[in-house]
Amino acid sequence: MQEVVEFILSSIIMVVTPIIFGVLTLDNNIRKDKSKVVVAFLISCIIYSLCYSYFNGGIKTLIVFLLHIFIFNQIFDLNVSKSIFITFIYALVILVFDMVQLFFVTYILNISKEYCYENVAGGFISNTIICIFMWGFIYLFKEKFRKIFCSKIEKNNNLIFLSIFSIFSIIVLFFDIIT
């Protein structure tokens with residue numbers, strides 16, 4: 001029972017994190033219709049839980065990226081192009097903190113990468129620590145993120161293509177590092 005509660009709380013934290021990222025970097029631009037926000041939040045929590053229960057590797061990461069695009073699109077009422085770009089930036093930031101955690105656990109605490117990814121990564125405590133540090137970082141640099149996100153990217157297909165290509169590159173690089 002405790003594992004189920006930790007899994008649900010971990011899923012909620014991982015859905016709340018992009019929302020906090022959006023609130024801080026998009027100048028609190030949450031959709032006015034709160035019922036749509038609640039529905040999008042619940043759908044995101046369910047999809048995140050199912051994704052982490054039934055998928056592994058690159059497929060799971062791709063689904064999570066699509067879920068973050070959905071979150072930014074539905075909760076912040078952004079177009080798909082801007083949602084893809086913001087998801088790319090969000091993925092880079094969370095990847096940095098995930099890599100810092102991997103470095104700390106494997107080199108400082110001297111725990112193997114295999115054990116880390118089987119028992120530490122993705123857990124409630126691990127996700128909470130990563131998200132808290134990430135929230136602090138985002139808060140410190142929110143003005144820089146706002147400048148980036150205020151640009152007109154709706155019609156910039158090259159930027160969107162590069163964001164999508166980079167997301168796939170992150171997936172390949174990340175899974176190459178942990179294997």
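This report walks through a predicted model of one protein chain, from its overall layout down to single residues.

## The big picture

Let's start with the whole chain. It contains 8 helices and 0 strands, and reading along the sequence gives the pattern α-α-α-α-α-α-α-α. Of the 179 residues in the chain, 41% are buried.

How do the contacts run along the sequence? If you take contacts between residues at least 6 apart in sequence, 77% of them join residues at least 24 apart. A couple of the residues below show what that looks like up close.

## The core

The largest nonpolar core is made of 36 residues, and Phe21, Met134 and Phe149 have the most contacts inside it. Helices H1 (2-25), H2 (34-54), H3 (57-75), H4, H6 and H7 (142-149) each give two or more residues to this core. Which helix gives the most to this core? That's H4, with 9 residues.

Take a look at Phe149 in the structure. Leaving out residues up to four places away in sequence, Phe149 touches Phe21, Thr25, Leu26, Lys82, Phe85, Ile86 and Ile89. Phe21, one of these partners, is also among the residues with the most contacts inside the core.

Helix H3 has 19 residues, and at 1.5 Å a residue they should span 27 Å; its end C-alpha atoms are 27 Å apart, so the two agree. Quite a list of H3 residues is buried: Lys60, Thr61, Val64, Phe65, Leu67, His68, Ile69, Ile71, Phe72, Asn73 and Ile75.

Some of those names turn up again as partners of residues in other helices. Ser83 sits in helix H4, and it counts as buried because its relative accessibility is 0%. Setting aside neighbours within four places in sequence, Ser83 is in contact with Ile69, Phe72, Asn73 and Leu78. Over in helix H2 you'll find Ala40, which counts as buried because its relative accessibility is 4%. Not counting residues up to four places away in sequence, Ala40 touches Phe70, Gln74 and Ile75. Ala40 and Ile75 are 35 residues apart along the chain, yet their C-alpha atoms are separated by 6.7 Å.

Now move along to helix H6, residues 124-140. Its 17 residues reach 24 Å from the first C-alpha to the last, close to the 24 Å expected at 1.5 Å a residue. The buried residues of H6 are Ser126, Asn127, Thr128, Ile130, Cys131, Met134 and Ile138. Met134 is a name you've met already, as one of the residues with the most contacts inside the core.

Apart from residues up to four places away in sequence, Ile13 touches Phe124, Asn127, Thr128 and Cys131. Ile13 and Phe124 are 111 residues apart in sequence, but 8.2 Å apart in space, C-alpha to C-alpha.

## A pocket between helices

Empty spots matter for the picture too. Rolling a probe the size of a water molecule over the atoms shows where empty space is left. The second largest pocket holds about 240 Å³ of space. It is lined by 12 residues, and those closest to its centre are Gln101, Phe104, Val105, Ile129 and Phe133.

Which helices each supply at least two residues of this lining? They are H4 (80-108) and H6. The lining residues divide into 10 nonpolar, 2 polar and no charged.

## One more loop

Finally, check out Asn110, in the loop between H4 and helix H5 (113-120). Asn110 isn't a glycine, although it has a positive phi of about 60°. With 66% relative accessibility, Asn110 counts as exposed, because the cut-off for exposed is over 50%.

Technical notes: Residues numbered from 1 in each chain as written. Predicted model: local features only at pLDDT ≥ 70, side-chain atom pairs only at ≥ 80, totals over all residues. Heavy atoms only, no water. Helix = DSSP H or I, 4+ residues; strand = E, 2+ residues; numbered from the N terminus. Expected span 1.5 Å × (residues − 1). Buried < 20%, exposed > 50% of the residue type's maximum accessible area, 1.4 Å probe, protein only. 1 Å grid on protein atoms, 1.4 Å probe; cavity = no way out; pocket = protein on both sides within 12 Å on 5 of 7 lines; lining within 4 Å. Points joined across faces, edges and corners; volume = space filled by probe spheres on them. Nonpolar A, V, L, I, M, F, W, Y, C, P; charged D, E, K, R; others polar. Core = buried A, V, L, I, M, F, W, Y, C linked by side-chain atoms within 4.5 Å. Contact = heavy atoms within 4.5 Å.
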